[in-house]
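Here is a short briefing to read alongside the model on your screen.

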Amino acid sequence: MPGIDTLPIEETLEDSPQTRSLLGVFEEDTAAISSYFSQLFKAMQRIYDAQNELSAATHLTSKLLKDYEKQRFPLGGDDEVMSSTLQQFSKVIDELSSCHAVLSTQLADAMMFPITQFQERDLREIVILKEVFQIASHDHDAAIHRYSRLSKRKENEKVKNEVMEDVYTSRKKQHETIMHYFASLNMLQYKKKIALLEPLLGYMQAQISFFKLGSENLTQQWEEFLTNIGASVQNVRREMDSDAEATDQAIQDLKAASDPLYMPDPDPSKIPVNRNLTRKAGYLNTRNKTGLVSFTWERQYFFTQGGNLMSQSRGDVAGGLVMDIDNCSVMAVDCEDRRFCFQITAFDGKKAVILQAESRKDCEEWIATINNISKRIYLSENPEEIAARVNQSALEAVTPSPSFQQRHESFRPSTQGRPKTGRSGSQCSVGSESPALSSLSLDSLVAPDTPIQFDIISPVSEEHMSQAKGSAQGRTNPFGESGGSKSEESEDSILHQLFIVRFLGSMEVKATESADVIYETMRQILAARAIHNIFRMTESHLLVTCECLKLIDPQTQVTRLRFPLSSVALCASHQENKRLFGFVLKTAGGQVDGRPVTVCYVFESNNDGEKICDSVGLAKQIALHSERDRKATQKQRELDKAKEKQQEQLDKQKQIEKDLEEQSRLIAASSRPGQPAADGQFLVLSNSQSEDSDAGEEEQKKGESEA
């Protein structure tokens, strides 16, 4: 390669000072090359390590995106769109991870291997040769020094020969070493260029291959997907910006509206006292007795729920019952160390609570609210107001909470001013016992004076009841199924979904075309429960399959009720309380006024009622498609049987024709003249017989030709 300086190898034996000076220049250049390539190696090593880390991080990102659907976020719902989108992204990033892994392999082979080999082999070799050369040069100088000190007067041939042999050996070793050393230094001028260009060439080729691979595999396949996701991100960002603007505006409005409320004791003329509240919530200080004459005050959050006063401390999951405020008495009291205090005393006088409000307005509103709750509904004589408040109380009675039984036992309305009505087992007549409820019923949806079932009782007709009393076997349920002959559903049903439900009640209804009948039934059952003080509910497991709906006892796993899926005419959930749902069933127990008997069942569930209704709808669709497939299969079987029967008839007809043809051939053969008889003699036919036989043969040939 032109322009490269080299050390003169032919001058190594002379080892002149000029050669040593030139060698020093080359050694300095070697040290500079070693330092430079050490820094370059560190830089390329960082590139390689970063690429490996990027590949590993990309693979980890793809794995985390795949595991997104398995995560359970406290505030996150089941977003199927987001899960499917992240699954698509995981595929893209997984392919990118594969491309990065290929790039890492190419960098290791084409970039790191040449520069590592140059450092560990070529530079290392020069360092070793330099050390060997220095040792050989030192030995040669010592041998020359000993040779120069040979005595001229006292010559010793043995010593002289040894010294000369030593000079010969050291000089030969030095010459060979310095030649190899010079050759390595000369080759270094070429190798440094190769060692510099090869890693860079490998790096660029690996990057170009990486970009080509990504362009071929990703651009065409994922360009439309990324465009759609980008548009979705922009839409979400616009929604976020608009929501942020609306939130900022709401914050400004709330700040302006709440400015008078920042004062703990506002001016009553600016913020008047509201004495018509039926619900109240806020922080109060409650007085607790710690000794005979000592008290402590504790700040808690109080709220009213139904006819109860509840309290909840910060950090608690739910509130606890303080006292029943039905028929209680409340009044303002004077405390020596506190202002704005009031006392609530239970109706039996056994329990009293002293509370402190923040201001006079707050104190008066609490007193008015508790008075309104204590004397609600039953002091009014307006039927419409009674009906509205009964409905509200009924809705409050089934508000979801961790313990349904405790909730219903604690939400007892007051008995003062209430019409005295007794429970008649699990069945009551709304129209006859409560004028308020009769005013709420709609004759077009629910039959008047219809009894309400509050327990799970199968609506068996009198005829079926008599049959059940007469014989335990062959018991018929109102849905047209035999209790002894019908076995359990097949375990291989396509759909099996189990829900925890609580039975609220059932009643006979008229219409089945609209969901309004279910809403009206819910309203009447809830109102009846509130009026008749019925808070107990039967918990069951509702099993939805493609054949039926079953109510199963969770303790004994015994089927309480079984509804064929074909009898479910309607299913809907409550519009406001999504935990309430009901369905209308057409029973097979007979007809009333020319129409089938329909019963509406109302339940409360732990899940969303809409999901249960969707499951019932899905089961009906699956059953419908299965029935269609069964009918199509049965029809195909009938067609196949008809074809087989027709084919059998055709085969019989052909066999008959074949037999007739064989008989005709035998007759024709036997009637020919000159035919020898069985005993070897000839038969002689008369003229008339021959003519008749000829005519029969012609008719037979004509029939065969026509056939």
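Helices (H or I, at least four residues) and strands (E, at least two) are DSSP runs, numbered from the N terminus. This is a predicted model, in which local features need pLDDT of at least 70 and side-chain atom pairs count only at pLDDT 80 or more, while totals for chains, interfaces and linings use all residues. Residues are numbered from 1 along each chain as its sequence is written, and side-chain values use heavy atoms, with hydrogens and water left out.

**The chain as a whole**

- By the DSSP runs, the chain holds 12 helices and 16 strands.
- Of its 707 residues, 35% are buried; buried means under 20% relative accessible area, exposed over 50%, and partly exposed in between (1.4 Å probe, protein chains only).
- Take the contacts (heavy atoms within 4.5 Å) between residues at least 6 apart in sequence: 65% of them join residues at least 24 apart.
- Accessible areas come from the Shrake-Rupley method with a 1.4 Å probe, and for residues only the protein chains shown count as cover.

**Salt bridges**

- A salt bridge here is a side-chain nitrogen of Lys or Arg within 4 Å of a carboxyl oxygen of Asp or Glu, and a search of the whole structure finds 18 of them.
- K63 pairs with D67, with 3.4 Å between the closest N and O atoms. K63 is partly exposed at 46% relative accessibility, whereas D67 is buried at 18%.
- D94 and K66 also form a salt bridge, their closest N and O atoms being 3.7 Å apart. Because D94 lies in helix α2 (residues 80–148) and K66 in helix α1 (residues 17–66), this pair ties together parts that are 28 residues apart in sequence. D94 is partly exposed, with a relative accessible area of 26%, and K66 is partly exposed too, with 37%.
- E662 and R665 meet through their side chains at 2.8 Å, N to O. They are three residues apart in helix α11, so about one helical turn separates them. E662 is partly exposed at 39% relative accessibility, and R665 is partly exposed at 42%.
- K280, K361, D362 and E365 are joined in a network of salt bridges.

**A patch of negative charge**

- On the surface, D640, E644, E648 and D651 gather in a patch of negative charge. Patches are made of residues with over 30% relative accessible area and no salt bridge; like charges are joined within 9 Å, and nonpolar side chains (Val, Leu, Ile, Met, Phe, Trp, Tyr) within 5 Å.
- Asp and Glu count as negative and Lys and Arg as positive, while His and the chain ends are not counted. The place of a charge is taken as NZ of Lys, CZ of Arg, CG of Asp or CD of Glu.
- D640 sits in helix α11 (residues 609–670) and is partly exposed at 32% relative accessibility.

**Two loop residues with positive phi**

- F340 is not a glycine, yet its phi is positive, near 55°. F340 lies in the loop between β5 (329–333) and β6 (341–345), and it is buried, with a relative accessible area of 11%.
- Q557, also not a glycine, has a positive phi of about 60°. Q557 is in the loop between β12 (548–552) and β13 (559–564), and it is exposed, with a relative accessible area of 52%.
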